[in-house]
Amino acid sequence: MTAEINHSSNPSKFTNRYTYATRNLWTGILFGLGLVGFIDEVVFHQLLHWHHFYDKSTTDIGLVSDGLFHAFSWFATIASSFLLADLHRKEAYWFKRWLAGVFLGGGAFQLYDGTIQHKWMGLHQIRYGVEIRPYDMIWNLTALAMILAGVLLIGRVKLHSFQPGDAKFNGE
Amino acid sequence: MGNSHSHVAGSEVNLQLIMAIPFLLAVVLYLAAVVVSNRQLKKQWSKVRSVLWMVGILCASMAIIGPLAERAHEDFAAHMVGHVLLGMLAPLLMVLATPMTLILRTIPVRSARRLTRILKSLPVQIITNPLCAASLNVGGLWLLYTTDLYVLMQQNIIIHILVHIHVFVAGYLFTMSIIYLEPTPHRLSFTYRSMVLVGAFAAHSILSKYIYAHPPSGISSAQSEIGGLIMYYGGDAIELMVIFIFCFQWYKNARPRGKVFIIKTPTHV
């Protein structure tokens with residue numbers, strides 16, 4: 001039978017989040033992507049001045065890709081914050097699922113930036129006037145580690161484990 | 001050159017005064033509508049909106065008259081600051097001031113009906129479609145900075161004025177096609193609008209970097225680099241505000257209404 005779940009009662013928190021499990025993940029992915037874009041801009045462009053605004057080696061497709069990701073990462077940061085607020089409002093926030101998304105989104109964007117954008121499209125390098133290989137290694141390994149962390153976290157969260165009458169379902 | 005400058009100085013002041021008229025008119029008409037409709041409806045129009053309108057008009061006017069506009073003739077950075085004000089910040093502030101709502105509450109009901117019918121018409125629907133408005137907006141800028149239009153604009157006063165009108169109108173149309181504050185007969189989904197928003201924002205960023213690297217004709221590369229940076233980061237700041245308002249509207253719109261949390265639960269034994 002169907003029943004109305006009371007907002008204030010505890011169990012709803014644990015049932016709503018199953019309903020919004022995918023939304024939790026995507027909210028995290030968008031936030032991770034935005035976060036990495038933000039760190040890239042603030043730390044590497046503005047504070048360290050390692051990244052350059054424009055590199056003469058940049059291909060046209062690189063310029064397009066950069067613009068798209070620049071715009072999308074700003075949008076993703078703000079949109080995912082509102083999505084997160086919406087999940088809280090629906091009492092459906094699920095920290096582990098969200099965090100898994102943050103790692104996945106952040107890692108995927110960083111890997112794309114470090115391989116395709118920096119190397120293939122020649123957008124700009126991580127740093128100029130230094131031996132670039134260790135920087136690239138650390139950059140891309142960090143990205144892979146983040147993706148791995150995201151995948152592992154997803155694996156740890158059981159989506160359909162709860163049964164009626166489960167301790168988890170009852171809010172423990 | 002200095003000599004000829006002092007000769008035209010008088011006519012230039014006159015020209016500035018003439019150019020100031022539309023802005024003054026916009027402020028006076030808006031405030032008059034506020035006073036009239038407040039008296040008619042015995043309901044106060046938001047003071048915040050009136051202030052937003054006036055600040056918006058001020059931003060737009062700075063690109064056309066006064067010291068910034070003066071400098072824009074020889075200084076590409078000043079030109080770019082003017083364009084960010086005229087094409088992005090002023091439209092945003094003025095959209096937030098909801099002038100159409102104000103007009104509709106001020107004019108007689110019959111005229112308001114007629115106006116609403118025009119707003120619902122196909123041409124208006126097409127021109128306020130986000131995709132169309134975004135193309136007019138960013139497409140116009142691509143034309144301006146990648147063709148000889150920029151040089152023509154500096155030489156011909158008519159083209160100069162037309163370009164500025166286009167930059168403002170296209171910026172306004174684009175902003176109002178994304179952020180719905182006024183009566184909007186044909187509402188489009190948040191998903192569609194967000195895709196156009198990101199696309200237009202991206203095209204703006206790409207053009208900024210393109211200008212940085214490829215100076216428009218008659219502009220030194222040192223100037224185009226500063227201009228490109230101003231366009232890029234100035235655009236960022238204002239797009240962030242647009243995105244924030246857009247997402248906030250989604251958040252309000254998506255609020256759970258009543259008891260929507262009806263999901264399957266086990267029967268209690």
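Tutor: Helices (H or I, at least four residues) and strands (E, at least two) are DSSP runs, numbered from the N terminus. In those terms, B:Thr98 sits in the loop between helix H4 (76-96) and helix H5 (99-106) of chain B. This is a predicted model, in which local features need pLDDT of at least 70, side-chain atom pairs count only at pLDDT 80 or more, and totals for chains, interfaces and linings use all residues. Residues are numbered from 1 along each chain as its sequence is written, while chains are lettered from A and ligands numbered from 1 in the order in which they are written.

The phi of B:Thr98 is near 40°, a positive value in a residue other than glycine. A residue is buried if 20 or more other C-beta atoms lie within 10 Å of its own, exposed if 12 or fewer, and partly exposed in between, with C-beta atoms placed from the backbone. B:Thr98 has 20 C-beta neighbours inside 10 Å and therefore counts as buried.

B:Lys42 also has a positive phi, near 55°, and is not glycine. Its place is the loop between helix H1 (2-41) and helix H2 (47-62) of chain B. B:Lys42 is exposed, because 7 other C-beta atoms lie within 10 Å.

In chain A, the mean is lowest in strand S1 (residues 2-4), at 42, and highest in helix H3 (residues 60-89), at 92.

Notes:
pLDDT is the predictor's confidence in each residue, from 0 to 100.
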